[in-house]
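Welcome! Take a moment to look over the sequence and the model, and then we can walk through them together.

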Amino acid sequence: MDRGRVIGLISGKGGVGKTSLGVNLGIGLSEFGQEVTVVDADFSASNLGVHLGKYEHPVKVQHVLDGNSDPENAIFRHPSGIKAAVSSNEIHHVEPEAGNLAHLLNEAAQNSDYVIVDCPPGLNSTVEKVMESCDELIIITMPTQTSGINAAQIIEKAKQMRQPILGTVINMSEGEPDRELIQREVEMMTESDTIAEIPYDEKVKESLFQNTPLLKHEPLSEASIEIKKLAAALEGVQYEEPRFAGLKRKLNNITDTLKK
Ligand SMILES: Nc1ncnc2c1ncn2[C@@H]1O[C@H](COP(=O)(O)OP(=O)(O)OP(=O)(O)O)[C@@H](O)[C@H]1O
Ligand SMILES: [Mg+2]
């Protein structure tokens, strides 16, 4: 296998959907037959394990970064089909040797088509080291002034660092031009092209609450379809939306309402 692509998911602002996208984009790519490893690089507020359904694994990313374990011990196969490495939540692990991340990512890339790196929010020396360790970056933002401004900052930094940028994902968009930025405005603010626009979708929160990644929990949800389209675009293939997806989604919603 050729060395896989190491793609970092970054955002200036926190809470914009990096971890949700990391897990589900990974699953989307694996559904196209790709071997994917998702690596948790959010050392101070790790929650990849939670997004994987409160998944626990004894060897954490920090054990590798601190030189106490080998990368292969931290990487495990998740029931969804992707591989993952999660970070520790222990407070003595919040500032590991982030400069060693490239070694872990390189090892992961030897046995994967894609390594997706769930980055910490903000812009500091740890984030810079994480960005440096990736081959390519995807920026996640919401269609708000605040997250747009912070996305623009991180994009400027990435450009300074000459890190290749695949583009911006606008997440949680509600299609309300009176109270949120439209795609063109986000592009002007960030000086980056949009590669996906994922709607605000209650199913994302529901899936997290039910400990099942969105693409497994509700594969026909609007957000799932957009994530699959992004996976297809990365793979350079045409995505065929499942037949009657909209109709099936409406029927599922009616069934859910009746159950309540
Ligand atoms: N498209 C969406 N529609 C609705 N809710 C969403 C969507 N994407 C993410 N969320 C919700 O937003 C919250 C934040 O998502 P997530 O944890 O993935 O963000 P993050 O960028 O990784 O945050 P942090 O910076 O804290 O790591 C979660 O409750 C998640 O379920
Ligand atoms: Mg996160």
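## A word on residue classes

Before we meet the ligand, here is how residues are sorted: Ala, Val, Leu, Ile, Met, Phe, Trp, Tyr, Cys and Pro count as nonpolar, while Asp, Glu, Lys and Arg count as charged. The others, Gly among them, count as polar. Please also keep in mind that this is a predicted model.

## Around the ligand

With those classes in hand, the shell around ligand 1 divides into nine nonpolar, seven polar and four charged residues. There are 20 residues around ligand 1, and those that come nearest are Gly14, Gly17, Lys18, Thr19 and Ser20. Two or more residues of this shell come from each of helix H1 (18–31), strand E7 (165–173) and helix H9 (202–209).

## The chain as a whole

Stepping back, the chain contains twelve helices and eight strands. Its C-alpha atoms fill a box of roughly 50 × 40 × 35 Å along the principal axes.

A compact globule of 260 residues would have a radius of gyration near 18 Å, and the chain agrees with its 18 Å. Buried residues account for 47% of the 260 residues. Among contacts with a separation of 6 or more, 76% are between residues 24 or more positions apart.

## A closer look at strand E1

Strand E1 (residues 5–10) is largely enclosed by the rest of the structure, because five of its six residues are buried.

E1 pairs in the parallel sense with strand E5 (residues 114–118) over five bridges, and Ile7 stands opposite Ile116 in E5. E1 also pairs in the parallel sense with strand E6 (residues 136–141), over four bridges. In E6, Glu136 is the bridge partner of Ile7.

Terms used:
Residues numbered from 1 in each chain as written. Chains lettered and ligands numbered in written order. Predicted model: local features only at pLDDT ≥ 70, side-chain atom pairs only at ≥ 80, totals over all residues. Rg over C-alpha atoms; globule rule 2.2 N^0.38 Å. Buried ≥ 20, exposed ≤ 12 C-beta atoms within 10 Å, placed from the backbone. Contact = placed C-beta atoms within 7 Å. Near = placed C-beta within 6 Å. Pairing = 2+ DSSP bridges.
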